[in-house]
Amino acid sequence: MYDKIRIAPSILSGDFMDMAQSIDQIEAAGAQWVHIDVMDGHFVPNLTMGVPFVAQARKITDLPLDVHLMITNPLVQIPWFIEAGADIITFHLEATTGDEAHRAIEMIHETNIKAAIAIKPKTDACALAPYINDIDMALVMSVEPGFSGQSFIEGSDLKVARIAEMATNSNAHPLIQVDGGISIETAPLVCSMGADVLVCGNAFFKADDKPAMVKQIIEKASASQMPQDA
């Protein structure tokens, strides 16, 4: 059920005037992935970085680039981000039909990149059931996508638990990522239910001691994964 904890700081909360330094901070802190939020101003009410940023980030870090597409046309744009150097591509289930979602997964896997599906807070976890055996990761949005700095939505941990249960019942092994309001307080909550990839935005970039913050979250989250009677 459990995998090692990975911390994926969201560059959306970094310094837009010095993104190279923000990526350096992620590396220096010992975080495992760089999370890149791509927003088109249509699927969500915000406009952020895109293909050129991913391509430039690829040149300056060897960390996995975890690209989260919050866009209306993932089938059109997925090839762009593959070429730009993404290591993991997440698209939103709400932006696709059933056939389109399967095709998007195939497109990503054809190039040996990890494929993930994200769901918004109001989308039932059961909507992922048809894809649970095909995806490398499921992303639970624990805030409404679009802006950084929001508070964790209560009950998001229960959605994580449902996805973990579906995976176990299907003998599937996707990572479960949680994005939104993740901190030292909320990380153990979601990881105790089966999450193993944590997107940290403000909590990371506002931390005075980023390496200590990453270490503390991993320690607390990992401890929460242990059986209660162990």
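Modeller: Where helix 1 passes helix 2, the crossing is right-handed. The model is a predicted one.

Biologist: How do you know which residues of helix 1 and helix 2 meet?

Modeller: The criterion for contact is heavy atoms within 4.5 Å. By that criterion, M19, A20, I23 and E27 in helix 1 meet F53, A57 and I60 in helix 2. This contact divides into six nonpolar, no polar and one charged residues.

Biologist: Why are helix 2 and helix 3 described as roughly parallel?

Modeller: The axes of helix 2 (residues 51-60) and helix 3 (residues 74-84) cross at roughly 20 degrees and come within 8 Å. Because angles under 35 degrees count as roughly parallel, the term applies to helix 2 and helix 3. Their crossing is right-handed. On the helix 2 side, V51, V54, A55 and R58 take part, meeting W80, F81 and A84 in helix 3. Six nonpolar residues, no polar residues and one charged residue make up this contact.

Biologist: What is the term for the relation of helix 3 to helix 4, and how do you know that it applies?

Modeller: For helix 3 and helix 4 (residues 98-109), the axes cross at roughly 15 degrees and come within 10 Å. That angle is also under the limit of 35 degrees, and helix 3 and helix 4 are therefore roughly parallel to each other. The crossing of helix 3 and helix 4 is right-handed. L75, I78, P79 and I82 in helix 3 meet E100, R103, A104, M107 and I108 in helix 4. Of the residues in this contact, seven are nonpolar, none is polar and two are charged.

Biologist: How much space lies in the largest pocket, and which residues are closest to its centre?

Modeller: The largest pocket holds about 270 Å³ of space. Among the 25 residues that line the largest pocket, S148, G149, D179, G180 and G181 are the closest to its centre.

Biologist: Which elements supply at least two residues each to the lining of the largest pocket, and how does the lining divide by class?

Modeller: Strand 2 (34-39), strand 8 (197-200) and helix 7 (202-205) each supply at least two lining residues. The lining has eleven nonpolar, eleven polar and three charged residues.

Key
Residues numbered from 1 in each chain as written. Predicted model: local features only at pLDDT ≥ 70, side-chain atom pairs only at ≥ 80, totals over all residues. Heavy atoms only, no water. Axes fitted to C-alpha atoms, helices over the stretch in contact; angles between N-to-C directions. Helix = DSSP H or I, 4+ residues; strand = E, 2+ residues; numbered from the N terminus. Parallel < 35°, antiparallel > 145°, perpendicular 65-115°, else oblique. Left-handed = near helix turned anticlockwise from the far one by under 90°. Nonpolar A, V, L, I, M, F, W, Y, C, P; charged D, E, K, R; others polar. 1 Å grid on protein atoms, 1.4 Å probe; cavity = no way out; pocket = protein on both sides within 12 Å on 5 of 7 lines; lining within 4 Å. Points joined across faces, edges and corners; volume = space filled by probe spheres on them.
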